[in-house]
Amino acid sequence: MPRTFMVGTLDDKPLLVIKLDELTYFVDLDTKEVVEDKPGLPPLKDADLIKRVLKAADESK
């Protein structure tokens with residue numbers, strides 16, 4: 001399955017789109033930062049959920 005990336009503006013770094021449990025997350029592949037698909041793109045704080053999203057990102061290669 002091809003990877004999907006989200007870019008807001010030309011200056012933005014592309015973020016990998018990951019869908020997990022019917023929710024959408026964005027992953028910065030350089031810093032491994034995970035943000036939620038909500039207004040303001042809040043960073044995830046739940047360590048277990050971050051691990052699950054990063055695992056899904058690795059598996060999407």
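The side chains of R52 and D21 come together in a salt bridge, with N and O 2.7 Å apart (the term takes in a side-chain nitrogen of Lys or Arg within 4 Å of a carboxyl oxygen of Asp or Glu). R52 sits in helix α1 (residues 47–59) and D21 in the loop between β2 and β3, so this pair ties together parts that lie 31 residues apart in sequence. Helices (H or I, at least four residues) and strands (E, at least two) are DSSP runs, numbered from the N terminus. R52 is partly exposed at 40% relative accessibility, while D21 is exposed at 52%; here buried stands for under 20% relative accessible area, exposed for over 50%, and partly exposed for what falls in between (1.4 Å probe, protein chains only).

All of this comes from a predicted model, where local features need pLDDT of at least 70, side-chain atom pairs count only at pLDDT 80 or more, and totals for chains, interfaces and linings use all residues. Residues are numbered from 1 along each chain as its sequence is written, and side-chain values use heavy atoms, with hydrogens and water left out.

Searching the whole structure turns up four salt bridges. One of them pairs D28 with K13 at 3.0 Å, N to O. Distant parts of the chain are linked here: D28 belongs to strand β3 (residues 23–28) and K13 to the loop between β1 (5–6) and β2 (15–20), 15 residues apart. D28 is buried, at 10% relative accessible area, whereas K13 is partly exposed at 39%.

K38 and E36 also meet through their side chains, at 3.2 Å from N to O. K38 is partly exposed, with a relative accessible area of 47%. Shared partners, finally, join K13, D28 and D30 into one salt-bridge network.
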